[in-house]
Amino acid sequence: MRLKPVCLAFALALLAVPAHAQGLSCGARADVLELLSAAAQSRRAIGLAGRAVMELFAATGSTDWTIAVTLPDGRMCVLAQGTAFDAGHDMFPASGTPLSFRRE
């Protein structure tokens, strides 16, 4: 099942933000958003990581994706980029239905 690796990747990315923010590719949020827009990527998910905001961007016409965080000082840092993005709509249950990690 692909859900466990995705959850693990998000968890690791969120844990890495406070300790390693200086070593990441960071810039003004507007500048990073402009680059993502030029790559035809738009926000697909958002969440909080302490005082930072984590966002997942993905392209509409391809499978490219980017995970970035916006820090309290306004910098936006790219945590990871890749290909083969799949929103997995068929993997998620209807609203209000608990997730099950059992294989069918």
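D73 is exposed, with a relative accessible area of 52%; here exposed means over 50% relative accessible area, buried under 20%, and partly exposed in between, computed with a 1.4 Å probe on protein chains only. The structure is a predicted model, in which local features need pLDDT of at least 70 and side-chain atom pairs count only at pLDDT 80 or more, while totals for chains, interfaces and linings use all residues. Residues are numbered from 1 along each chain as its sequence is written, and side-chain values use heavy atoms, with hydrogens and water left out.

The fold may be described beginning with its sheet. Helices (H or I, at least four residues) and strands (E, at least two) are DSSP runs numbered from the N terminus, and two strands are paired if DSSP finds at least two bridges between them. On this basis, 5 strands form an open sheet with antiparallel pairing, in the order β1-β5-β4-β3-β2. Because β1 (25–28) and β2 (41–49) stand at the edges with a single partner strand each, one side of each is left without a neighbour in the sheet. On average, and with direction ignored, neighbouring strands of this sheet are turned by 25 degrees against each other. Helix α2 (residues 29–38) packs on the sheet and touches β1, β2, β3, β4 (65–70) and β5 (75–82), where contact means heavy atoms within 4.5 Å. The direction of α2 makes about 110 degrees with that of β1; axes are lines fitted to C-alpha atoms, for helices over the stretch in contact, and angles run from 0 to 180 degrees between N-to-C directions.

Beyond its neighbours within four places in sequence, Q41 is in contact with L36, F57, A58, A59, D64, W65 and T66. With T66, the side chain of Q41 makes a polar contact of 2.9 Å; such a contact is a pair of N or O atoms within 3.5 Å, and within protein one atom must be able to donate a hydrogen and the other to accept it, residues adjacent in sequence counting only if both atoms are side-chain atoms.

What remains is the pairing of charged side chains. Side chains of opposite charge can pair when their charged atoms come close. How many salt bridges does a search of the whole structure find? There are 3, a salt bridge being a side-chain nitrogen of Lys or Arg within 4 Å of a carboxyl oxygen of Asp or Glu.

E55 meets R29 in a salt bridge of 2.8 Å, N to O. This pair links distant parts of the chain, with E55 in strand β3 and R29 in helix α2, 26 residues apart. E55 also meets R43 in a salt bridge of 2.8 Å, N to O. Here E55 in strand β3 is linked to R43 in strand β2, 12 residues apart. E55 is buried, at 1% relative accessible area, whereas R29 is partly exposed at 27% and R43 is partly exposed at 46%.

D73 forms a salt bridge with R75, the closest N and O atoms being 2.8 Å apart. R75 is partly exposed, with a relative accessible area of 30%. Salt bridges that share partners join R29, R43 and E55 into one network.
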